[in-house]
Amino acid sequence: MRQRWDGAVALVTGASSGIGAAVAGRLAAGGARVYVSGRDRGRLAEVADRLGGTALPADLGAPEQAGELAGRVLAAAGRVDVLVHSAGRGWAAPFTGTDPATVAELVAVNLTAPVLLTGALLPGMLARGRGRLGFVGSIAGRLAVRDEAVYSATKAGLGVFADSLRQELRGGPVTVTELVPAVVDTPFFVRRGRPYPRRAPRPVPADRAAAALLAALLAGRAEAYLPRWMRLPVTVRAAAPATYRRLAGRLG
Ligand SMILES: NC(=O)c1ccc[n+]([C@@H]2O[C@H](COP(=O)([O-])OP(=O)(O)OC[C@H]3O[C@@H](n4cnc5c(N)ncnc54)[C@H](OP(=O)(O)O)[C@@H]3O)[C@@H](O)[C@H]2O)c1
């Protein structure tokens, strides 16, 4: 495990909490030099101290901060070999009750920021002939979840961006991996203001999500579903959309 990321410089967004913090922990334990980003300076400093990493606070709801974050990590480390986008914000409410400021923030944090940050750091990876891009998507982006229209759309956009970019980079030195989690036990649900409402799939620990993402990243795999069986409803939706819509309407 330890030598797996030896010598790599990693930047992880959303590292002040949940999946991002767990990813940063595993990268640091594997020998990477870890730069962690998040909004909450106190929690971020605590994570950085614990991992022997460097805190780079940023509010990715402000589009210019993605580029600034890229500039700060390059100034500090000279390069980024592993870039993991875990920063994200949930939202669960009927669309008609969602105010424009919330829509703008969800799009900025979940979609615009990872695209801009990738755009700023990818050229260096290509020039050095080495790079791994990891995106934390969501099953909501694959299945289009009721009362999560905007969140689902941002994650669908992120997944399609990752897919398109992977095709563009095919055969080259930079790989693109997306983690597609269903339910992970983090503060995500408290923060979005609505608890997780279903019995299944059951929440998995953040460290399991981190392990799944990093295993796929290391292997250069396109995607990792968590749990793996969540690929099934996605396949049904793609192969038989009308049937899927009927089932989703009945099951909620
Ligand atoms: N938990 C789940 O069940 C689940 C399922 C599917 C997908 N996901 C995705 O997994 C990713 C990580 O979420 P999580 O479960 O680990 O939730 P979390 O514990 O709430 O962590 C979210 C992270 O995103 C950061 N973030 C939020 N808004 C930000 C902003 N404006 N600027 C910069 N950073 C911001 C937070 O930073 P601060 O704490 O410093 O504000 C925090 O580090 C998200 O992209 C989420 O959509 C989660």
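**Entry 1**

Helices here are DSSP runs of H or I with at least four residues, strands are runs of E with at least two, and both are numbered from the N terminus.

I record that this is a predicted model, in which local features need pLDDT of at least 70 and side-chain atom pairs count only at pLDDT 80 or more, while totals for chains, interfaces and linings use all residues. Residues are numbered from 1 along each chain as its sequence is written, and side-chain values use heavy atoms, with hydrogens and water left out.

I then listed the residues around the ligand, of which there are 33; Ser 16, Ser 17, Asp 40, Tyr 151 and Thr 186 come nearest. A residue is taken as near a molecule or strand if one of its heavy atoms lies within 4 Å of it. Sorted by class, the shell holds 15 nonpolar, eleven polar and seven charged residues. In this sorting Ala, Val, Leu, Ile, Met, Phe, Trp, Tyr, Cys and Pro are nonpolar, Asp, Glu, Lys and Arg are charged, and the others, Gly among them, are polar.

**Entry 1. Polar atoms at the ligand**

Ser 16 has a side-chain N or O atom 2.7 Å from an oxygen atom of the ligand. For Asp 59, a side-chain N or O atom is 2.9 Å from a nitrogen atom of the ligand. The ligand taken alone exposes 890 Å², and the protein buries 98% of that. Accessible areas come from the Shrake-Rupley method with a 1.4 Å probe; for residues, only the protein chains shown count as cover.

**Entry 2. Asp 81**

I located Asp 81 in the loop between helix H3 (64–77) and strand S4 (82–85). Asp 81 counts as buried because its relative accessibility is 2%; buried means under 20% relative accessible area, exposed over 50%, and partly exposed in between (1.4 Å probe, protein chains only). Its side chain makes a polar contact with the side chain of Arg 79 at 3.0 Å. A polar contact is a pair of N or O atoms within 3.5 Å; within protein, one must be able to donate a hydrogen and the other to accept it, and residues adjacent in sequence count only if both atoms are side-chain atoms. Leaving aside neighbours within four places in sequence, Asp 81 has contacts that include Gly 7, Met 125 and Arg 128. Contact means heavy atoms within 4.5 Å.

**Entry 3. Aromatic pairs**

How many aromatic pairs does a search of the whole structure find? I noted four. Rings of Phe, Tyr and Trp (its six-membered ring) pair if their centres lie within 6.5 Å; planes under 30 degrees apart are stacked, over 60 edge-to-face, and the rest tilted.

The rings of Phe 135 and Phe 161 have centres 5.9 Å apart and planes at 80 degrees, so this pair is edge-to-face. The pair links distant parts of the chain, with Phe 135 in strand S5 (residues 131–136) and Phe 161 in helix H6, 26 residues apart. Phe 135 is buried at 0% relative accessible area, whereas Phe 161 is partly exposed at 22%.

Phe 188 and Phe 189 also form an edge-to-face pair, because their ring centres are 5.1 Å apart and their planes stand at 85 degrees. Phe 188 is partly exposed at 23%, and Phe 189 is buried at 14%.

**Entry 4. Backbone points**

I found two cis peptide bonds to record. The bond from Ala 200 to Pro 201 is cis, with omega near -5 degrees, and Pro 201 is in the loop between H7 and strand S8 (204–205). The bond from Leu 226 to Pro 227 is cis, also with omega near -5 degrees; Pro 227 is in the loop between strand S9 (223–226) and helix H9 (231–239).

Ala 144, not a glycine, has a positive phi of about 60 degrees and sits in the loop between helix H5 (139–143) and H6.
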